[in-house]
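Please keep the sequence and the three-dimensional view side by side while reading.

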Amino acid sequence: MASVAAPATASAAPHRAEPAPLTGGKLVLAGFVLALANFVVVLDTTIANVSVPHIAGGLAISPSQGTWAITSYAVADAISVPLSGWLAARFGTVRWFLYSLVGFAVFSFLCGVSGSLEALVVFRIFQGLSGGPLMPLSQALLMRVFPPHLRGAALGLWAMTTVCAPIAGPILGGYISDNWTWPWIFFINLPIVLICIFAVGRLVTPFETPVAKAPIDVIGLILLVVWVGAFQLMLDTGRENDWFASPFVTAMAVIAAVGLPAFIIWELGEENPIVDIRIFRYRGFTAGTIAVALGFGAFFASVVLTPLWLQQVVGYTATQAGYATAFVGVFAVLMSPVAAQMLSKVDARITVFGGIMWLGVMSLLRANWSTESDFWQLAMPQLLQGFGMPFFFIGLTAIALASVKPSETTSAAGIMSFVRTLCGAIGTAMATTAWEGASRVSRSDMVPSLNGVQPTIDALEARGFTPLQSQGVIDRLVDAQSATVGATHVFIYAFIVFMIAAAFVWLAPRPNRAVDMAEAH
């Protein structure tokens with residue numbers, strides 16, 4: 001991940017000698033805490049996924065409203081990406097890294113003590129704004145503290161935490177929710193972050209970067225926050241407010257519809273844009289970014305929907321749902337080196353196309369789930385999906401960034417990161433909305449065609465159930481089956497989106513140069 005646009009420098013500090021890279025135990029400890037900081041930020045993108053029913057129960061809200069705790073964090077994280085480069089240049093990389101750690105700790109605590117949905121969403125937004133810069137800044141600092149011949153290992157360490165954190169998130173979140181209480185999914189961050197603050201302050205401070213009075217595109221930033229925030233509010237609140245029958249939802253839609261083109265027009269004419277939209281003039285970058293947007297939206301939608309369905313319908317505990325969904329990262333870790341090596345040997349469009357198609361096939365496997373599916377039938381698509389993930393993520397990054405000038409690689413990588421994170425939040429909101437709508441339609445179709453209702457009620461009453469209890473049993477059975485049908489419909493929609501994303505890959509030209517994957521991160 002990188003900042004979206006590297007800001008121009010108005011006045012820089014005088015040149016100073018670079019400190020010598022760390023060695024020995026200090027290097028090991030510094031590398032560990034920087035990677036740990038990245039780990040905890042990425043962990044928070046998935047740790048709440050399996051805890052949504054617990055959060056909903058604790059705050060007396062619906063599970064679909066509970067997903068706001070996920071989307072608010074993701075949107076704030078995406079918005080903070082364009083600011084990372086400017087903040088590092090204006091305040092210093094180490095200093096802002098420490099500020100972000102402190103903010104992340106404070107708002108993690110406030111998330112845990114939230115007594116209402118409104119408070120939780122607000123604090124999750126600030127947690128995302130604080131945590132967003134930690135990913136690119138942790139990588140930048142790893143490159144500074146490690147000697148040149150070990151920077152490949154440093155990048156591997158950073159990438160490993162980025163990949164392993166989503167695996168640990170569902171397991172840890174499920175265990176904490178079932179055995180403690182949901183606020184501890186946020187409190188668990190505090191000791192980790194405090195260790196990172198102490199160690200970074202002692203070991204990494206000498207590697208501070210020069211401070212510059214860098215200009216910032218204030219109007220562009222405001223327009224970005226306004227249209228993204230309005231669009232996400234429309235998606236998150238539309239379901240509960242009958243969509244455009246609500247004046248609020250309609251107002252959010254109008255603001256988003258006006259704000260997006262206004263943002264694009266402004267950025268095209270700005271000298272130091274917060275998002276360098278001119279990069280979309282490259283066909284390969286545009287096609288790759290659209291494929292990333294569609295593919296990651298469909299991918300993250302299933303990541304959020306699966307544990308919700310497992311807990312609300314199948315009856316899994318949060319821990320069981322965490323184990324079932326955590327398998328998604330196992331083969332992703334193993335196949336990442338293979339995917340990276342194949343970039344120089346095979347047309348990247350072929351491997352990316354295959355990877356996206358594979359993810360689509362896994363969505364079709366999920367569409368065969370039922371309330372009778374056993375653990376391994378549920379976990380297998382999660383496990384097998386890992387084969388395609390590296391080819392999708394790494395290959396698309398290479399296709400998109402190979403299309404731009406080397407001097408524009410950082411800005412292009414930042415835009416892709418922004419789009420990927422934002423579309424994950426959008427995909428989550430759309431998937432939960434589609435699930436609820438498809439479940440409602442399935443129930444209305446299912447009820448008139450039920451057979452043997454009265455004999456079933458009679459059998460239940462013969463076993464001691466009251467007539468009302470017997471009707472409740474049948475009603476819950478219908479709800480479970482209609483919710484399952486609704487979920488399978490969403491997985492089929494995801495398959496279609498994956499197919500469209502795969503088609504966009506072929507609109508990009510074949511990559512004609514190698515990409516520095518350190519910059520791509």
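What follows is a walk through some helix pairs and some individual positions.

The model shown here is a predicted one, and the values discussed are computed from its atoms.

The crossing of α6 past α11 is left-handed. On the α6 side the residues that meet α11 are Val-94, Phe-97, Leu-98, Leu-101, Val-102, Phe-104, Ala-105, Ser-108 and Phe-109, and their partners in α11 are Asn-189, Leu-190, Val-193, Cys-196, Ile-197, Val-200 and Gly-201. Sorted by class, this contact holds 13 nonpolar residues, three polar ones and no charged ones.

Helix α6 also packs against α8, where the axes come within 10 Å and cross at roughly 140 degrees. How are α6 and α8 oriented to each other? Since roughly antiparallel requires an angle over 145 degrees, α6 and α8 are therefore classed as oblique to each other. This crossing, too, is described as left-handed, with α6 passing α8. The residues of α6 that take part are Thr-93, Val-94, Trp-96, Phe-97, Ser-100, Leu-101 and Phe-104, which meet Leu-134, Leu-137, Ser-138 and Leu-141 of α8. The contact of α6 with α8 is made up of eight nonpolar and three polar residues, with no charged residue among them. An α-helix has 3.6 residues a turn, so residues three or four places apart point the same way. With that in mind, the reader may wish to trace Leu-134, Leu-137, Ser-138 and Leu-141 along α8 as the positions that meet α6.

At 1.5 Å a residue, the twelve residues of α8, 134–145, should span 16 Å, and the C-alpha atoms at its ends are 16 Å apart, which agrees with the expectation. Helix α8 is mostly covered, with ten of its twelve residues buried. Among these buried residues are Leu-134, Leu-137, Ser-138 and Leu-141, and the list also includes Gln-139 and Arg-144.

A further pair is formed by helix α4, residues 68–80, and helix α12, residues 218–238, which pack at an angle of about 165 degrees with their axes 11 Å apart. The two helices are therefore roughly antiparallel to each other. Here α4 passes α12 in a right-handed crossing. From α4 the contact draws on Trp-68, Thr-71, Val-75 and Ile-79, and from α12 on Leu-224, Val-225, Val-228, Gln-232, Asp-236 and Thr-237. By class, the contact of α4 with α12 comprises six nonpolar, three polar and one charged residues.

Thr-306 lies in helix α14, residues 283–314, and is buried, with a relative accessible area of 2%. Leaving aside residues up to four places away in sequence, Thr-306 touches Thr-325, Arg-366, Trp-369, Gln-382 and Phe-491.

Leu-260, which is found in helix α13, residues 247–269, is partly exposed at 33% relative accessible area. Leu-260 and Trp-227 are 33 residues apart along the chain, while their C-alpha atoms are separated by 5.7 Å. In helix α22, residues 467–505, one finds Ile-500, which is partly exposed with a relative accessible area of 41%. Ile-500 and Met-357 are separated by 143 residues in sequence and by 9.8 Å in space, C-alpha to C-alpha.

Two alanines complete the tour. Ala-20 belongs to the segment before α1, residues 24–43, and counts as exposed at 60% relative accessibility. Its C-alpha atom is 37 Å from that of Lys-345, 325 residues away in sequence. Ala-60 sits in the loop between α2, 52–59, and α3, 63–66, and is exposed, with a relative accessible area of 70%. Most residues other than glycine have a negative phi. In Ala-60, by contrast, phi is near 60 degrees, a positive value in a residue other than glycine.

Methods:
Residues numbered from 1 in each chain as written. Predicted model: local features only at pLDDT ≥ 70, side-chain atom pairs only at ≥ 80, totals over all residues. Heavy atoms only, no water. Axes fitted to C-alpha atoms, helices over the stretch in contact; angles between N-to-C directions. Helix = DSSP H or I, 4+ residues; strand = E, 2+ residues; numbered from the N terminus. Parallel < 35°, antiparallel > 145°, perpendicular 65-115°, else oblique. Left-handed = near helix turned anticlockwise from the far one by under 90°. Contact = heavy atoms within 4.5 Å. Nonpolar A, V, L, I, M, F, W, Y, C, P; charged D, E, K, R; others polar. Expected span 1.5 Å × (residues − 1). Buried < 20%, exposed > 50% of the residue type's maximum accessible area, 1.4 Å probe, protein only.
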